[in-house]
Amino acid sequence: MNHQEKKKRRSRSSEDTIREYLALCLVPNLGAYRIKLLMQKVDHPQDIFRLNTQELISIDGIGPVVANAIQKFNNWDEVDKLLSQTEVCGASIISFRDNNYPALLKEIFDPPILLWVKGDPAILDLPGVAVIGTRRATSYGIRKAKEFTADLTAQHLTVVSGLAYGVDAIAHRTTIENGGKTVAVLGSGIDTIYPGKHKDLAKDIWESGGAVISEFPPGTKPDAGNFPVRNRIVSGLTLGTLVIESGLEGGSMITARSALDQNREVFAIPHSLDNENGRGCNAIIKRGWGKLVQHIDDILDELTVTRVREDQEPRIQKRNWEMAELDEVSGTICRVLHESTYPIHIDDLSEKLEMPTFRLLPKLLELEMMDCVRQIAGKKFELS
């Protein structure tokens with residue numbers, strides 16, 4: 001078999017895989033998380049359709065109803081229609097198991113199985129920050145959105161947002177104007193830019209080297225229920241989420257909570273007590289959900305990226321504990337601290353590790369001396 005034949009076979013294999021993933025996404029009541037569980041049991045998505053009832057229901061989360069829906073699936077005409085619509089609108093599809101699937105997004109609880117992309121897929125794997133906020137931004141919110149987005153862009157960080165009116169659109173537009181890369185996550189199909197007035201903005205995003213993406217198949221309308229779902233992607237793609245201006249309810253607060261659930265950083269701009277559109281930001285700070293930021297350094301101090309000059313590209317840095325030669329116990333301690341959003345009290349750490357404190361403390365002291373762990377007030381510990 002010559003090189004061209006091998007290349008065609010690999011391409012065809014990839015197309016078949018996408019086709020089968022699409023079929024799974026069309027199975028009623030299955031969803032991304034259950035598909036992820038199923039994929040842990042098989043080598044190829046087509047194998048899922050070959051499992052018998054007993055094999056299917058033995059998998060966590062798969063009951064008789066869902067198992068029956070998988071076995072009876074026969075809507076391949078719809079699958080082929082979606083593939084055709086994808087091609088017509090000039091998009092590509094990335095599956096969960098593709099090498100170019102964004103690594104950070106793969107870490108979340110329920111990563112999308114498929115992503116439709118218009119633009120450069122490689123941009124999805126670069127270090128980025130979500131910049132989000134209200135559709136009804138005040139002059140203060142607009143000013144801060146422009147300032148912080150420009151500063152993030154100057155550090156070669158990708159700016160991710162949701163293409164909505166207000167702060168989202170400002171973040172995307174400011175990034176483009178400053179020569180940066182931005183990603184817009186849709187709550188509709190990739191062929192349905194919403195809001196419609198932002199079609200030109202979406203085009204500018206992918207033509208400037210960014211990307212517009214969606215987990216929803218072509219033809220999906222921008223229904224209200226889609227937007228809270230897509231918000232987990234906005235936060236999941238990034239190292240941290242910056243809330244510029246938000247009320248107590250709405251998409252920005254949902255995205256901030258998603259970031260917390262995903263063990264990502266959350267940042268909030270403080271607001272005047274008279275600004276109702278900023279009450280959400282103040283609540284994030286008050287409740288300890290995120291860090292009050294007044295300057296770009298307040299964000300950069302928390303992110304595992306190198307501060308860059310204009311002629312440098314960003315790179316994700318490893319923390320000290322990831323580079324150190326640690327024994328099994330020390331490594332386990334660091335992993336537990338890494339998985340926690342907040343510092344852990346010595347007693348809680350002892351309980352999690354099932355290790356008495358008198359054995360744990362010498363290890364923690366050793367890790368402190370290696371600059372892998374630090375102790376803060378109240379006998380709490382966190383990674384350095």
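These legends describe close-up views of a predicted model.

**View 1. Confidence along the predicted chain.**
The mean pLDDT of the protein is 87. A value of 70 or more is reached by 91% of its residues. Residues 1-13 have a pLDDT below 50. Beyond near neighbours in sequence, this stretch makes 3 contacts in the model. Where pLDDT is low, the predicted coordinates should not be read in detail.

**View 2. The largest nonpolar core.**
This core has 69 residues. Leu-30, Leu-124, Ile-213 and Leu-237 have the most contacts inside it. Helix H1, residues 3-26, gives the most to the core, with 5 residues. In soluble globular proteins, nonpolar side chains tend to be buried together.

**View 3. Surroundings of Leu-237.**
Residues up to four places away in sequence are not counted here. Leu-237 touches Pro-102, Leu-104, Leu-105 and Leu-124, among others. Its partners also include Val-160, Val-183, Val-185 and Ile-213. One of the contacts is with Arg-264.

**View 4. The largest cavity.**
The structure holds 1 cavity of 30 Å³ or more. The space in the largest cavity is about 50 Å³. The lining divides into 6 nonpolar and 3 polar residues, with no charged ones. Rolling a probe the size of a water molecule over the atoms shows where empty space is left.

**View 5. The second largest pocket.**
This pocket has a volume of about 390 Å³. Its lining counts 24 residues. Gly-133, Arg-135, Gly-250, Gly-251 and Ser-252 lie nearest the centre. Strand S3 (128-133), helix H10 (226-236) and helix H11 (251-261) each supply at least two lining residues. H10 gives the largest share, 5 residues. By class, the lining has 7 nonpolar, 11 polar and 6 charged residues.

**View 6. Arg-230 in helix H10.**
Arg-230 lies in helix H10. Arg-230 counts as buried because its relative accessibility is 5%, under the 20% limit. Leaving aside neighbours within four places in sequence, Arg-230 is in contact with Gly-162, Val-185, Leu-186, Gly-187 and Phe-216. Lys-363 is 133 residues from Arg-230 in sequence. The two C-alpha atoms are 42 Å apart in space.

**View 7. Val-234 in helix H10.**
Val-234 is also placed in helix H10. Its relative accessible area is 2%, so Val-234 is buried. Not counting residues up to four places away in sequence, Val-234 touches Ala-130, Ile-132, Val-160, Ser-161, Val-185 and Thr-255. Leu-105 is 129 residues from Val-234 along the chain. Their C-alpha atoms are separated by 9.2 Å.

**View 8. Packing of helix H11.**
The buried residues of H11 are Ser-252, Met-253, Thr-255, Ala-256, Ser-258, Ala-259 and Leu-260. These buried residues pack against S3 and H10. They also pack against strand S7 (240-245), strand S8 (265-268) and helix H12 (279-286). Ser-252 is also one of the residues nearest the centre of the second largest pocket. Just after H11, Asn-263 takes a positive phi of about 60 degrees.

Tyr-194 and Pro-195 are joined by a cis peptide bond. Omega is about 0 degrees. Pro-195 sits in the loop between strand S5 (182-185) and helix H9 (199-207).

His-156 is not a glycine, yet it has a positive phi of about 60 degrees. His-156 is found in the loop between helix H7 (139-154) and strand S4 (158-161). With 23% relative accessibility, His-156 counts as partly exposed. Asp-371, a residue other than glycine, also has a positive phi, near 60 degrees. Its place is in the loop between helix H17 (357-369) and strand S11 (373-376). The relative accessible area of Asp-371 is 44%, so this residue is partly exposed.

Terms used
Residues are numbered from 1 along each chain as its sequence is written. This is a predicted model: local features need pLDDT of at least 70, side-chain atom pairs count only at pLDDT 80 or more; totals for chains, interfaces and linings use all residues. Side-chain values use heavy atoms; hydrogens and water are left out. On a 1 Å grid over the protein atoms alone, a cavity is a set of points where a 1.4 Å probe fits but cannot get out, and a pocket is an open set with protein on both sides within 12 Å along at least five of seven lines; lining residues have an atom within 4 Å of a point. Grid points are joined across faces, edges and corners, and a volume is the space filled by probe spheres set on the points. Ala, Val, Leu, Ile, Met, Phe, Trp, Tyr, Cys and Pro count as nonpolar, Asp, Glu, Lys and Arg as charged, and the others, Gly among them, as polar. pLDDT is the predictor's confidence in each residue, from 0 to 100. Contact means heavy atoms within 4.5 Å. A nonpolar core is a set of buried Ala, Val, Leu, Ile, Met, Phe, Trp, Tyr and Cys residues joined through side-chain atoms within 4.5 Å. Buried means under 20% relative accessible area, exposed over 50%, partly exposed in between (1.4 Å probe, protein chains only). Helices (H or I, at least four residues) and strands (E, at least two) are DSSP runs, numbered from the N terminus.
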